[in-house]
Amino acid sequence: MSNRIGYIASNTFREAVRDRVLYNLIAFALLLSGVAIFVGQISIDIERLVVVNLGLTAVSLFGVVIAIFIGIGLVSKEIEKRTLYTVLSRPVRRWEFIVGKFLGLAGTLVVNTFFMAIGVFGALLYVARTFSAADAGILVALYFIVLEFLIICALALLFSSFSSPLLSAVFAFSLFVIGSYADDLRGFAALTHGFARWIATGAAYLVPNFSALNVIGAVAHQRPVGGQLILENTLYALFYTAMALSGAVLIFERRNLK
Amino acid sequence: MTAARRTTVAASLVLVLSMVASTVLLRRIDQKRIHPNTDANEDMLFFDSPKMVKRASLGFDSLMACIYWTRTVQYFGTRHHNQATSYNQLAPLLEITTALDPQLVPAYQFGASFLAPAPPNGAGEPERAVRLMQYGIEHNPDNWQLYYNLGFVYYTELHDYRKASEAFARGAEVPNAHPFMKVMAAQMAEHAGEYSTARMLWTATYETNREKDIRDNALEHLRSIKVDEDVSNLQDAVTRFQERTGRLPANMQELAAAEHLPAVPVDPDGNPYVMSPEGRVLVENPESFLFITQGLPPGYKPSGRLRFHSK
């Protein structure tokens, strides 16, 4: 079982690399080096802040775009090219296909994030000339960004399992935006009453909470991120990912592929 | 040459030529276009609600704050360079920046020094500078430098020495505050209007800042304080001379001799002070001292162009 998932995952990774997904690293490197060199000349006293903020924001946004646009095609492309039938005619279960695809895309994003992280630390060293112990917080922010990618990959797969690529992209991106305002949603829910409050609160908890995973501002100011938050965010992301993946598996298992 | 090679060469040539031609044409078009009032454009802020900008930032508030802070610096720098007399969008820009990231300390420190001084050196809004600093202290209560900046605005722009003293005293209580905060609080309470107090403040500003512009500005103020103090002392000497002899000194040499000075006193540029026929002590080159209030020729109007003397 694990071998079959591993094969699907490694093929998904190889396909992403063949599709030149990692070329985004060039754009990222250009962006970060440009900022590192020029920010000191156009602003005052925020060189380090800009490098950390922009670096981590770019890691997050580049990754989200990759997760959505590759994730939505993972199933539909296989159906369109009819390669899915070849895969499923072998002793591969449908859920193994979904999990393998998820792990392949997540692996692609982890590798992408690893290289971007090197870029962020390189730019930081360029502007600050040295590292401090507090810079380790950047690793926590990067870890949270990877957790965010896991959720988005799973959501993209979920939508991809029953919808067209275009609609899947719209759904996934909408959920990313809504999830970024999850804290506000809960605030709005608290303002309502009765049944509406139940519905609004339920909706607020159903959408992914990306604001809890965003500690970019805190680490940019070298504020520590608590161990408790790291643990709870990890568990939250894993549960949410498992939830979305289970949904994708359930739908895909029942999907008529004829 | 093969057909493929010919195509490559031709396409490359067309690409380069088209790029050059479009750039040249665009420059010509730019020259012919009727430019809208750039000053009015600079003074326009499409989104002036901090809450709205925060919502639109999609959770990346901290990055957005850096972008707004850079925009603030550019806005101030451009208008300052153009010797503008109004900075209408400076306070809103600073308010948006600090609402997006209340921990962005440079926005308070430099923002107050942009907001407080009278034009053309700043926006001439010391009350808003005070509000900005108070907001900053509320969100960064452990940063003693913000109390220092608040006291500084009270002292230099509002001349409210009691509040300045209070701000320094509060800052002195912050853990790891610089020891001069206590001295400053005491000095402010007892000797607020004296040159020594002003010198101490600007020296502290010079020594505790890394930013070149801020250090140059502090240095310029220190030079001007030296001139103001020299002229004030020399003017007192003229009064004493007149009381003693019943006439004005004929020149600075006579005054220096009467005061037992080894030579005619010189300003920080090394130029000797001069005396007008009416007995007023003047600086030889007032343009060289941007912030002096003493020793200016009657009717003197500064050109307004800031030229800092870097160390």
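Modeller: A helix is expected to span 1.5 Å times one less than its number of residues. Helices (H or I, at least four residues) and strands (E, at least two) are DSSP runs, counted from the N terminus. This is a predicted model, where local features need pLDDT of at least 70 and side-chain atom pairs count only at pLDDT 80 or more, while totals for chains, interfaces and linings use all residues. Residues are numbered from 1 along each chain as its sequence is written, and chains are lettered from A and ligands numbered from 1 in the order in which they are written.

Biologist: Let's start with helix α1 (residues 3–32) of chain B: how far apart are its end C-alpha atoms?

Modeller: It has 30 residues, so at 1.5 Å a residue the helix should span 44 Å. The model agrees with that, since the end C-alpha atoms of α1(B) are apart by 43 Å.

Biologist: What do the buried residues of α7(B) pack against?

Modeller: Helix α7 (residues 126–139) of chain B has 14 residues and should span 20 Å, which agrees with its end C-alpha atoms being 20 Å apart. Buried residues in α7(B) include B:P126, B:V130, B:L132, B:M133 and B:I137. What the buried residues pack against, in chain B, is α5 (90–100), α6 and α8 (144–156).

Biologist: Zooming out, what radius of gyration does chain B have?

Modeller: The radius is taken over C-alpha atoms, and the globule rule is 2.2 Å times the number of residues to the power 0.38. The C-alpha atoms of chain B fill a box of roughly 100 × 50 × 35 Å along the principal axes. A compact globule of 311 residues would come out near 19 Å, but chain B has 27 Å.

Biologist: How far apart do the C-alpha centres of domain 1 and domain 2 of chain B lie?

Modeller: Chain B is split into domain 1 (43–190) and domain 2 (217–288), with bounds from an automatic or database domain assignment. The C-alpha centres of these two domains of chain B lie apart by 37 Å.

Biologist: Now chain A: what is its radius of gyration?

Modeller: Chain A has 12 helices and 0 strands, and its C-alpha trace spans about 60 × 55 × 30 Å along the principal axes. With 258 residues, a compact globule would be near 18 Å, which agrees with chain A at 20 Å.

Biologist: What share of the 258 residues of chain A count as buried?

Modeller: For chain B, with 311 residues, the buried share is 33%. For the 258 residues of chain A, the buried share is 41%.

Biologist: How many residues are in the largest nonpolar core?

Modeller: A nonpolar core is a set of buried Ala, Val, Leu, Ile, Met, Phe, Trp, Tyr and Cys residues joined through C-beta atoms within 7 Å. In the largest one, A:A67, A:I152, A:C153 and A:L157 have the most contacts inside it, and its residue count is 132.

Biologist: How many residues of chain B are in contact with chain A?

Modeller: Contact means that the C-beta atoms of two residues, placed from the backbone, lie within 7 Å. On chain A, 19 residues take part, and on chain B the number is 16.

Biologist: Which element gives the most to the side of chain B that touches chain A?

Modeller: Elements giving two or more residues to that side are α4 (61–81) and α6 (105–115) of chain B. The one that gives the most, with 8 residues, is α4(B).

Biologist: Last one: A:R82 has a positive phi, so what is the value?

Modeller: A:R82 is found in the loop between α4 (73–80) and α5 (83–89) of chain A. It counts as exposed because it has 8 C-beta neighbours inside 10 Å. A:R82 is a residue other than glycine, and its phi is near 65°.

Methods
Buried ≥ 20, exposed ≤ 12 C-beta atoms within 10 Å, placed from the backbone.
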